[in-house]
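Open the model in your viewer and switch to a cartoon view. Keep the selection panel at hand.

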Amino acid sequence: MASQQHTEIDTVIVGGGQAGVALGYWLAQEGREFVIVDGNARPGDAWRQRWDSLRLFTPAKYDGLPGRPFPGDRLAFPTKDQLADYVEEYVGRFNLPFVSNVQVEEIRAEGEGFVVRAGDRTWRSHNVVIATGGHRLPRRPAFAAELDPQIRQLHSQDYKNPGQLRDGTVLVVGLGNSGAEIALDVGQHHSTVIAGKPSGEMPMKHGRTAARFALPVVRFLGVHVLTLNTPIGRKAAPGFKSMAAPLIRTKTKDLAAAGVQMVPRLAGVSEVGMPVLDDGTQVEAANVIWCTGYHEDYSWVKLPVFDDHGEPKQTRGVADDLPGVYFLGQEFLFSAASATLPGVARDARYLARRLAKERRPMTARRQEAAGRRTDEGRLPMSR
């Protein structure tokens, strides 16, 4: 049996995607001692595991991380494998301390710091950064279990290419960007039906011209205007978190031109185990691909840093109620772009500066926090 491995370190970053490695770059510039822990085998694997035809919506000129522009044609839209290789090269180029194949099972407070536990490995730290969502769990309706067992069911998380599917009709459930892109992909090989209604559609045609003229405006709005510091941003934030983004590259007219049939929302399952739409129509599907999003499970974070809905209580990524806890990369953490490459770079720089200011011993910081507690036992949101 392997012996327990304990490591003392200043900061543990949980999550080695673009958010975690961007913060790692800035912490290295600040001379901080840290480690990035990730459950995948290689940096960039979170992108490698997505469907084969996936390309980014942002052009290469906006896909670089701090200190390293994305290589190649600045107006091209990188493939998911190109981005994965870029993240891996980035970790090596800056010699970031990256520990792979580590699935964090628990974060808890202990003494004047934190314990991050992953199997037989344990890190004790002054700070912990959750640079990923919670353990992302695919969302499916409860009635999915009632479908005929002969129907091949996949979530978008598991879809790679049409070769995974049975012969016959494919029903894609959810008309967001993932659903639209996957429906277009499978529609080249199968009769395809997509159920749902988009939340909207970007008015411009996606491509090089948009990358040159329109997307810079979209980026500016997402990074600098739609933020929690502006009235319009605060008003928009709940919608960004609860609704699918408008269709960006593949629009409804593209689906129609490719022969993909658009139908009403999926409502349930018939007596014979077939999907049934809102209008009562039964879809004779051989395959169902659930493009219905995820829900975040933070049950592994044993810290009082979440509200009654399980959402982080934070201000610009700094936990409101517990010094030393930080968040990065979550949807609308600070701006509409916080979960994207352009937004992550800005948010990571801000957190690195905050961490640089917190060089005092954890004991002093917690004593100060205790002195600022309100009668309700919570710290005021004054950051």
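Select strand 4 and strand 16 (residues 301–302): the two pair in the parallel sense over 2 bridges. This is a predicted model. Show side chains at Ile107, which stands opposite Val301 in strand 16.

Strand 4 (residues 106–110) and strand 5 (residues 113–118) run antiparallel, joined by 5 bridges. Now go to the turn. The hairpin of strand 4 and strand 5 has 2 residues between the strands. Gly111 in this hairpin takes a positive phi near 60°.

Next, select helix 6 (residues 215–225), where Val217 sits. Which residues of helix 6 are buried? Colour Leu215, Gly222 and Val223: these are buried. They lie on the same side of helix 6, because they cover an arc of only 85° around the axis.

Switch to a surface view. Val217, Phe220 and Leu221 form a nonpolar patch there, with about 270 Å² of accessible area together. Val217 counts as partly exposed, because its relative accessibility is 48%.

Last stop: strand 12 (residues 266–269) and strand 13 (residues 275–277). They run antiparallel and are joined by 3 bridges. Pick Val269; its bridge partner in strand 13 is Pro275. Strand 12 and strand 13 form a hairpin with 5 residues between them. Finish on Gly273 in the turn, which has a positive phi of about 85°.

Methods: Residues numbered from 1 in each chain as written. Predicted model: local features only at pLDDT ≥ 70, side-chain atom pairs only at ≥ 80, totals over all residues. Heavy atoms only, no water. Pairing = 2+ DSSP bridges. Helix = DSSP H or I, 4+ residues; strand = E, 2+ residues; numbered from the N terminus. Patch = residues over 30% accessible without salt bridge, like charges linked within 9 Å, V, L, I, M, F, W, Y side chains within 5 Å. Areas by Shrake-Rupley, 256 points an atom, 1.4 Å probe, with all protein chains shown as cover. Salt bridge = Lys/Arg side-chain N within 4 Å of Asp/Glu carboxyl O. Buried < 20%, exposed > 50% of the residue type's maximum accessible area, 1.4 Å probe, protein only. Arc of directions from axis to C-beta.
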